[in-house]
Amino acid sequence: MSEAIYNNLEHWENMNPAEILQDIRKLGNSSRADAVEYRKMAGRAYLASIDRLIQALQEMEEEEISTADLIIEVYGESDSLEYMGEMFQVDADVHRAAEKAGLRLDFSRRGNQEELPYVLDYVVRRDHEVL
């Protein structure tokens, strides 16, 4: 594995999901063995970062938060939040993972806002909670 890839692997634990997706996309469809291994490892790191976000959501009680704000809360500020392509994917994956974890991201308080999905606030509810 190349030195550049090895150095990135050391940082994945503290990278937010959008940053990890950016790293994966930089390699494109390269078939080099180290690139293939890098994508596999980055994919696992990405899933772990989504799990970390879901754990944070599970600890929330009646808070309003957006996926972008959740990432900032868990990982800190980052320029990667400006990359819409990655944030659309991260938001979709957070919603899927939340549903699998028995959480419902309730947008009913937001009214009729027209914003990017990852900046819309939602309230985290457990499947057994009633509105």
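Me: What makes a residue buried here?
Reply: Buried means under 20% relative accessible area, exposed over 50%, and partly exposed in between, with a 1.4 Å probe and protein chains only. This is a predicted model: local features need pLDDT of at least 70, side-chain atom pairs count only at pLDDT 80 or more, and totals for chains, interfaces and linings use all residues. Residues are numbered from 1 along each chain as its sequence is written, and side-chain values use heavy atoms, without hydrogens and water.

Me: Why is Asp91 said to have no salt bridge?
Reply: A salt bridge needs a side-chain nitrogen of Lys or Arg within 4 Å of a carboxyl oxygen of Asp or Glu. Lys and Arg count as positive, Asp and Glu as negative; His and the chain ends are not counted. For buried Asp91, the nearest side chain of opposite charge is Arg96, 9.2 Å away, so no salt bridge is assigned.

Me: What makes the Asp91 and Thr67 pair a polar contact?
Reply: The limit is 3.5 Å between N or O atoms; within protein, one must be able to donate a hydrogen and the other to accept it, and residues adjacent in sequence count only if both atoms are side-chain atoms. The side chains of Asp91 and Thr67 lie 2.5 Å apart, so the pair qualifies.

Me: Why are S2 and S3 called paired strands?
Reply: Pairing takes at least two DSSP bridges. Four join S2 (residues 103-106) to S3, so the two pair, and they run antiparallel. Leu103 has Arg126 as its bridge partner in S3.

Me: How do you know that S3 is mostly covered?
Reply: Five of the five residues in S3 (residues 122-126) are buried. Tyr122, Val124 and Arg126 are on one side, Val123 and Arg125 on the other.
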